[in-house]
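Me: I'd like to go through this structure one question at a time. Can you put it up first?

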Amino acid sequence: MKINLNQYDIQIGEDTMDKIDESIRSFYPYKEIFIITDDNVFKLYKDFMIKKLSSFTLHFISIEPFESSKSLKTYERVINQLLDKKIRKNNLIIALGGGVVGDLAGFVAATLFRGVDFIQIPTTLLAMVDSSIGGKTGIDLNQGKNLIGAFKNPVKVFIDPIFLSTLPKVEYKNGLAETLKAGLIGNPKLYEYLKVNDKLTINEIIMAIEVKADIVKKDPFEKNERMFLNFGHTFGHAIERHYDYAIKHGVAISYGMLFSLELGIKSKVTNPLLFDEVKKILLRLELIKEPILDKEQFIGYIQYDKKNYSDGLRFVYLKDVGKPIIQKGVQL
Ligand code: ADP
Ligand code: ZN
């Protein structure tokens, strides 16, 4: 099936990779394709990609599979390798991997020759339901994450759950946290599904993508509704900073969502039943553990950055499932 975003579409389904050669040939008339991936995905899927893209000549560039690869150093190295392999402006780049590969390869595509077309093929659940959608690309600096970046839409996103068969459990759970977020902010049916299930089918993956795609379509540059996607992330980012990023993003935003529900309930905005319900789901999915972390210790790490303005903190609260609001002037 296809989900349309403003200038491109997302192709999703269990046969996506079987049809990818034909699909790319329909809009790309050249032979050379440059695939940026990471060492794990390269080992697992190099031969698979060669088989699925048999009409093309593939050039692989592989980076180390860590967040630390989203660096200026790796950026420069990837650009050098692309130039050594004689990439030209009208060629096509594929980002094959999780969020790390997608963000870095997207930023390379946004900037090399002032822009080269690229395709996203997310291979983690988190990248499928979240980071491959919406056009944000970037790299980290010592001073912070994603400090350099660009909005760069891919020409196409291909999502095939086949890649999830090799994904480690902890990475899968990481993606479930963003899927739960999508349900909470935008799809009660998806939320109900996660109350009793731990494994997604293609239908839930599609629902989660639709939540994000709908929001991004209305507000591509994060002026209004796109902030809803930050539900759980104000505290989530603070928790990541507190632990110096030695905690999974999905775990950090799981606590972040709970803290945000707690605050919303205190302010009489949020349905008071939600806290216990969501906590139960997160415990079952092993995204959080008892005793729940004490939120006070993270308050000092909340950054009054681009999302928080001089009138106090802006927080995404939920009135109820599917009903997010932006609460201004929150005092902690
Ligand atoms: P995220 O999408 O959560 O940002 P990363 O890009 O950090 O994910 O990738 C998380 C880990 O999962 C990395 O070690 C990466 O190599 C690995 N990985 C990505 N996709 C797959 C896959 N389909 N099968 C197995 N491992 C994968
Ligand atoms: Zn997130």
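Me: Is Thr 124 buried or exposed?

Reply: This is a predicted model, so local features need pLDDT of at least 70 and side-chain atom pairs count only at pLDDT 80 or more, while totals for chains, interfaces and linings use all residues. Residues are numbered from 1 along each chain as its sequence is written, chains are lettered from A and ligands numbered from 1 in the order in which they are written, and side-chain values use heavy atoms, leaving out hydrogens and water. Buried means under 20% relative accessible area, exposed over 50%, and partly exposed in between (1.4 Å probe, protein chains only). Thr 124 has a relative accessible area of 15%, so the word for it is buried.

Me: Which residues come nearest to ligand 1?

Reply: A residue counts as near a molecule or strand if one of its heavy atoms lies within 4 Å of it. Ligand 1 has 19 residues around it. The nearest are Asp 38, Gly 99, Thr 123, Thr 124 and Thr 166.

Me: How much of ligand 1 does the protein bury?

Reply: Start with the polar contacts, which are pairs of N or O atoms within 3.5 Å (within protein, one must be able to donate a hydrogen and the other to accept it, and residues adjacent in sequence count only if both atoms are side-chain atoms). Oxygen atoms of ligand 1 are 2.7 Å from a side-chain N or O atom of Thr 124, 2.9 Å from one of Asn 40 and 3.4 Å from one of Asn 174. Taken alone, ligand 1 exposes 570 Å² (accessible areas come from the Shrake-Rupley method with a 1.4 Å probe; for residues, only the protein chains shown count as cover). The share of that area buried by the protein is 88%.

Me: Which helix gives the most to the shell around ligand 1?

Reply: Sorted by type, the shell has 10 nonpolar, seven polar and two charged residues (Ala, Val, Leu, Ile, Met, Phe, Trp, Tyr, Cys and Pro count as nonpolar, Asp, Glu, Lys and Arg as charged, and the others, Gly among them, as polar). Helices H2 (39-52), H4 (99-111), H5 (125-131) and H6 each supply at least two of the shell residues. With four residues, the top contributor is H2.

Me: Now the metal: which residues are the protein donors of the zinc ion?

Reply: Donors are N, O and S atoms within 2.8 Å of the metal (3.2 Å for Na, K and Ca), and water is not among the atoms, so sites may look incomplete. For the zinc ion (ligand 2) the protein donors lie 1.8 to 2.1 Å away, and their spacing along the chain is E-x54-H-x15-H. They are Glu 178 (OE), His 233 (NE2) and His 249 (NE2).

Me: How many residues apart in sequence are the parts tied together by Glu 178 and His 249?

Reply: Glu 178 is itself buried, at 2% relative accessibility. It lies in helix H6 (residues 169-186), whereas His 249 is in helix H10 (residues 249-266), so the pair links parts whose separation in residues is 71.

Me: What does the buried part of H9 pack against?

Reply: Seven of the 10 residues of H9 (residues 233-242) are buried, so the rest of the structure largely encloses this helix. Those buried include His 233, Phe 235 and Ile 239. Their packing partners are H6, H10 and strand E10 (313-320).

Me: Which residue is joined to Pro 291 by a cis peptide bond?

Reply: Pro 291 is in the loop between helix H11 (274-284) and E10. The cis bond has an omega of about -10°, and the partner is Glu 290.

How values were computed:
Contact = heavy atoms within 4.5 Å.
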